[in-house]
Amino acid sequence: MTPVLAATAFLGVVTTASGWFIRQSGRSLWSAACLVLGGITLLLGCAAVVLDLDGVPSPVLRLAGCLLLPLAVLAYPRLSWREPVSFVLLVVVIGAGVLSVAWEDAFGLMGFVLVGALLVHVWWALEQGDVEDRRALTWSSLAWIGAGLAAAFVAFLSESAGVVEFPDLDAAFVAVMALGPAAMVVGVVRPEVVDVRGLVTRAVVAATVVVAYVAVAVGLTSAVEAARGRSLEATPTIVLCAVLAFGVRPLQVMLRGVVDQLLFGDRPDPLAAATSLADRIGDDPALALDAVREALVLPYASIRAGGEVLASSGTAVTHTRVLPLRLGDDEVGEVVVGLRAGDFGLSAADEDVLRIVAPLLAQTLRARQMSRDLQRSREAVVAAVEEERRRLRRDLHDGLGPTLSGVAFATDAARNQVRSDPDKADALLVQLRADTAEAITEIRRLVDGLRPPALDELGLEGAIRQHAATLHSAAGTPLPVTVRVPEPLPALSAATEVAAYRILVEALTNVVRHSAASHADVSLHVEDHSLVLAVRDDGGSANGWTPGVGITSMRERSLQVGGTLTAYATRDGGLVEAAIPLGPSG
């Protein structure tokens with residue numbers, strides 16, 4: 001089997017398989033059908049050659065290469081013939097393909113017509129297609145055009161050097177064409193596997209550099225040979241090529257910028273971008289992300305925390321880069337940025353800019369989290385106030401209200417009986433006295449629920465000492481409690497006093513109910529404009545504490561006034577410690 005025949009058979013197998021894969025994807029069905037038919041036709045042509053069927057192989061191979069494969073490219077990623085341009089291109093491709101099959105002498109001319117028509121199709125489809133179509137078409141175009149240019153370049157070098165015969169070149173050309181159908185599969189099945197726009201940029205830059213390098217090298221050697229009147233020796237040629245090689249890298253860098261600007265727009269200046277971001281990032285994550293995208297010309301940016309997207313800007317893309325957001329040693333979230341068109345990753349300058357602004361974004365995220373915590377705290381306070389109002393209304397309506405109504409009715413009855421039946425009036429007055437005492441007791445209960453009277457009578461320290469003196473252990477014996485206040489407490493706000501008293505009472509109640517402590521220690525002192533209180537006991541616990549209603553209640557009371565609370569047990573005893581702001585009166 002000759003090299004050309006082997007390459008043709010390889011192309012036929014790849015083309016048939018590619019058509020089958022595209023058909024399985026459910027997209028580009030017309031293109032898939034043409035690929036399958038084209039691949040089978042190529043294999044039939046190879047079989048005809050092997051069987052030595054005179055007059056059959058050439059038309060069959062031209063049918064595949066000049067009609068079916070061009071139609072597959074024209075119908076990719078979707079067949080469109082209703083627009084005037086698409087209809088004309090379809091007619092031209094079919095006509096040129098039929099002429100190539102029927103008239104062998106027209107093969108060369110029709111080949112140029114087909115290539116020109118397909119290039120126009122690529123341009124038109126890129127202009128009219130959606131995002132998915134353009135991405136698939138970019139894969140296909142890059143492979144077909146790249147394979148053609150590579151084969152042509154190898155042919156140019158080989159012909160110039162005179163070291164490769166044309167049949168071998170034809171075999172290489174045919175084998176390289178297999179890249180086209182394979183890329184068509186990638187374009188519809190896995191177009192996101194790599195950002196194809198980055199491949200386009202690199203391919204354009206590489207092709208331009210190679211052509212420029214060869215053109216300059218050939219031009220200089222030809223000029224030197226013309227000036228000397230004889231061929232240039234091998235050593236000067238090698239030295240000349242080595243000198244020219246120093247210009248490859250600068251040319252690549254320059255061309256990358258030019259191609260980027262032509263295909264995908266300008267890239268930002270890193271220093272200017274960082275300065276702009278530092279001035280514009282505020283407390284709103286969405287506005288901060290808008291500033292990041294605008295300054296770095298990014299298609300997408302978002303902030304995530306705990307797996308949840310808190311804010312986003314732009315349209316999500318397949319290829320992204322994730323950078324953590326840290327405040328000190330704490331990671332508060334992460335910023336996700338989409339890669340620009342033509343980029344496989346962020347440049348070092350872009351990453352430097354993001355690292356500069358990452359603390360600002362982290363502060364923005366922390367500010368939002370604190371705002372949410374404050375909002376939840378306010379909601380909790382409002383809910384607590386409303387719940388307290390509901391309790392008061394219920395107690396007044398169900399308890400004190402009926403009692404006072406009974407007092408009013410008993411007073412009227414006593415007045416009516418005071419002359420006619422003094423004994424009955426006296427009994428009514430006795431009952432009236434009892435009802436009044438009950439009403440007074442209920443009022444005191446309601447008042448005590450609003451604010452413990454011991455705070456107004458004795459102050460916080462005295463109230464705690466009074467309550468501690470009433471505690472008894474589970475065995476019924478008094479529980480020794482030491483209350484330590486190293487220095488006189490400053491004036492405290494009402495909220496701070498009530499919260500501290502309720503937390504201390506609940507903590508001591510837990511010591512009595514849930515521990516086998518023989519002693520408890522209470523300490524109060526002021527530190528950093530906060531009242532720090534602690535309750536320690538010597539009742540060890542091997543398993544620690546399971547937070548229940550008591551601990552939850554203490555923590556909620558502390559949070560309502562902006563404080564903190566920790567509670568835990570060890571083998572040596574339990575500890576409840578809270579820090580409560582002194583408040584406006586502190």
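In which loop does Ser28 lie? Ser28 sits in the loop between α1 (3-25) and α2 (29-50). Helices (H or I, at least four residues) and strands (E, at least two) are DSSP runs, numbered from the N terminus. The model is predicted: local features need pLDDT of at least 70, side-chain atom pairs count only at pLDDT 80 or more, and totals for chains, interfaces and linings use all residues. Residues are numbered from 1 along each chain as its sequence is written, and side-chain values use heavy atoms, with hydrogens and water left out.

The protein chain has 18 helices and 9 strands. Of its 586 residues, 37% count as buried. Buried means under 20% relative accessible area, exposed over 50%, and partly exposed in between (1.4 Å probe, protein chains only). The chain exposes about 32400 Å². Carbon and sulfur atoms supply 62% of that area. Accessible areas come from the Shrake-Rupley method with a 1.4 Å probe; for residues, only the protein chains shown count as cover. Contact means heavy atoms within 4.5 Å. Among contacts in the protein chain with a separation of 6 or more, 66% come from residues 24 or more positions apart.

Ser28 is not a glycine, yet its phi is positive, about 50 degrees. Its relative accessibility is 9%, so Ser28 counts as buried. Asp528 also is a residue other than glycine, with a positive phi near 55 degrees. Asp528 lies in the loop between β6 (520-527) and β7 (530-537). At 69% relative accessibility, Asp528 counts as exposed.

Helix α2 has 22 residues. From first C-alpha to last, α2 reaches 32 Å, close to the 32 Å expected at 1.5 Å a residue. The expected span of a helix is 1.5 Å times one less than its number of residues. The buried residues of α2 include Ser31, Cys34, Leu35, Leu42 and Cys46. Gly38, Gly39 and Gly45 are also among the buried residues of α2. The cover over the buried residues of α2 includes α1, α3 and α8 (179-189). Just after α2, Asp52 takes a positive phi of about 60 degrees.

Two packed helices are described by the angle between their axes and the distance between the axes. Axes are lines fitted to C-alpha atoms, for helices over the stretch in contact, and angles run from 0 to 180 degrees between N-to-C directions. Angles under 35 degrees count as roughly parallel, over 145 as roughly antiparallel, 65 to 115 as roughly perpendicular and the rest as oblique. The axes of α3 and α4 come within 8 Å and cross at roughly 170 degrees. Helix α3 is therefore roughly antiparallel to α4. On the α3 side, the contact is made by residues including Pro59, Leu63, Leu67 and Leu71. Those of α4 include Leu89, Val93, Gly97 and Val101. In the loop between α3 (57-74) and α4 (84-102) lies Pro77. A cis peptide bond joins Tyr76 and Pro77, with omega about 0 degrees.

Helix α3 also packs with α5 (residues 107-128). The angle is about 10 degrees and the axes are 10 Å apart. That makes α3 roughly parallel to α5. Arg62, Cys66, Pro70, Val73 and Leu74 in α3 meet Phe107, Leu114, Leu118 and His121 in α5. Trp123 is placed in α5. At 49% relative accessibility, Trp123 counts as partly exposed. Trp123 and Leu137 are 14 residues apart in sequence and 9.8 Å apart in space, C-alpha to C-alpha.

Ala207 belongs to helix α9 (residues 196-228). Its relative accessible area is 35%, so Ala207 is partly exposed. Ala207 and Gly146 are 61 residues apart in sequence. In space, their C-alpha atoms are 8.8 Å apart.

Helix α18 (residues 549-560) has 12 residues. From first C-alpha to last, α18 reaches 16 Å, close to the 16 Å expected at 1.5 Å a residue. Gly550, Ile551, Met554 and Ser558 are the buried residues of α18. Seen down the axis of α18, these buried residues fall within an arc of 100 degrees, so they line one face of the helix. The arc is that of the directions from the helix axis to the C-beta atoms. The cover over the buried residues of α18 includes α17 (494-514), β8 (564-570) and β9 (573-581). Gly562 follows α18 and has a positive phi, near 80 degrees.
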